[in-house]
Amino acid sequence: MNSTPEITGPRSILHVDMDAFYASVEVLDDPSLKGKPVIVGGTPEGRGVVSAASYEARAFGVHSAMSAARAIKLCPDGVFLRGRMDRYVEISRQIGAIFRDFTPLVEPLSIDEAFLDVTGCRRLFGSGEKIGHLIQDRIADELHLVASVGVASNKFLAKLGSDLEKPAGFVVIADDRAREILAALPIGRLWGVGKVSQQEMGRFGIRTVKDFLAVPEKLAVQQFGDHARHLRQLAVGYDTRPVIPSHEAKSIGNEITFGEDISEALHLQEVLDHLADKVARRVRNQGFVAKTITLKARYSDFSTFTRSESLPVPTDGSVEIRDVARQLLNHKLGRRGRALRLIGVTASNLGPAQETQGELFADPHKIKNRQLDQLMDKVHDRYGDMISRGVKSPHGRRK
Ligand SMILES: [Mg+2]
């Protein structure tokens, strides 16, 4: 565990976000792609989902999470690539190593972005802004890739900053400028304001952060619940959340709210399998293993229950995580046929993956599962969410 030295005064938080990461890595490894609309994650036949697009492709309106079929219509001359997750993970680790040359307080948000708390190393390297430039330059010089950087006194503002002038952006948001920058932004830019909240707020004429702040706090809480208090703090650029280094990262989870409540056991298990596979993939992508698996279930009456189980040996395997999730659903939840409106899987107690490899390679069954996971990660990379390992069980479907 890292202990953060006592720092008084404002923190220096960086958010570093790689620009068009997967596509940029493809261009890096094949310079003939430079300047071309590169689309990673779909096939030229229009199968799968786009997971990244170069800025040249974005100019045609292509973006991630779009179906490849749609991307082809928008950008018929696009270069479609399957993607190579192992290569992206390799580069992601190199980027992480650069970060850790400056501070141990690195919290990855995904394979290509992270928060860094550089407060404690300013005496060594200079201001947060200086450190941000050093990191951006090292990524450019050593890895030949482009990152955008946001610098601020907290996570919320730093992340906002890195997004303001992409690609190759560098934005410092000083505390005294935060209110002014935030005021003009659409309300959806505040963390925790999703599409539903945006619509609800829209009915009250709230479209920007400024509109929201104009509503007295008491009224906002009445209308939008206790969460409004937290939103008002974000709206003025106040955010005290610490940067949590990756090995202390709390959890990785996915959940689904059904359009219609589901009671059928097999149907629930299929959804659960899919979620467990997704969580396992994210655990692998971030280089973790998880010791604890938690099932979350919400009934039609909104009562919500969680059930957890800890594994003797931490894992990032789809089969192991899925089996624990199934066990929790079928034997620990006590559902007794009642319908669910939400189901979720979370992996927690995370640790770095490499520490368990000795144990892993001792067990031929685990080696086989691991190879299958790696293969499925590649397949997923190519076909997106169309295929997942959990849905069809190698042991056959259970009633
Ligand atoms: Mg990015």
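Me: In this predicted model, are Asp 17 and Met 18 buried or exposed?
Reply: The criterion is relative accessible area, and a residue under 20% counts as buried. Asp 17 falls in that class, and Met 18 does too. The term for Asp 17 and Met 18 is therefore buried.

Me: Which protein atoms are the donors of the magnesium ion?
Reply: The donors lie 2.2 to 2.4 Å from the magnesium ion. Asp 17 and Asp 112 each contribute OD, whereas Met 18 contributes O.

Me: Which residues are the closest to the centre of the largest pocket?
Reply: The largest pocket has a volume of about 1,200 Å³. Its lining is made up of 41 residues. Closest to the centre are Tyr 22, Ser 51, Ser 64, Ser 110 and Ile 111.

Me: Which side chain is joined to that of Thr 292 by a polar contact of 2.9 Å?
Reply: Thr 292 belongs to strand β10 (residues 288–299). With a relative accessible area of 10%, Thr 292 is buried. The polar contact of 2.9 Å joins its side chain to that of Ser 310.

Me: What is the omega value of the cis peptide bond between Lys 166 and Pro 167?
Reply: Pro 167 is placed in the loop between α7 and β8 (170–172). The peptide bond that joins Lys 166 to Pro 167 is cis. Its omega is about -10 degrees.

Me: Is Ala 65 buried or exposed?
Reply: Ala 65 is not a glycine, yet its phi is positive, at about 75 degrees. Ala 65 is found in the loop between α2 and α3 (68–74). Its relative accessible area is 64%, and the cut-off is over 50%, so Ala 65 is exposed.

Me: What is the relative accessible area of Phe 302?
Reply: Phe 302 occupies the loop between β10 and β11 (304–315). Although Phe 302 is not a glycine, its phi is positive, at about 75 degrees. Phe 302 is exposed, with a relative accessible area of 52%.

Me: What distance separates the C-alpha atoms of Val 50 and Val 40?
Reply: Val 50 is located in strand β3, and it is buried, with a relative accessible area of 2%. Val 50 and Val 40 are ten residues apart along the chain. The separation of their C-alpha atoms is 5.9 Å.

Me: How far apart in space are Asp 211 and Ala 183, C-alpha to C-alpha?
Reply: Asp 211 is in helix α10 (residues 209–214). Asp 211 is partly exposed, at a relative accessible area of 28%. Asp 211 and Ala 183 are 28 residues apart in sequence, and their C-alpha to C-alpha distance is 8.0 Å.

How values were computed
Residues numbered from 1 in each chain as written. Predicted model: local features only at pLDDT ≥ 70, side-chain atom pairs only at ≥ 80, totals over all residues. Heavy atoms only, no water. Donors = N, O, S within 2.8 Å, 3.2 Å for Na, K, Ca; no water. Buried < 20%, exposed > 50% of the residue type's maximum accessible area, 1.4 Å probe, protein only. 1 Å grid on protein atoms, 1.4 Å probe; cavity = no way out; pocket = protein on both sides within 12 Å on 5 of 7 lines; lining within 4 Å. Points joined across faces, edges and corners; volume = space filled by probe spheres on them. Helix = DSSP H or I, 4+ residues; strand = E, 2+ residues; numbered from the N terminus. Polar contact = N/O pair within 3.5 Å; in protein donor to acceptor, adjacent residues only side chain to side chain.
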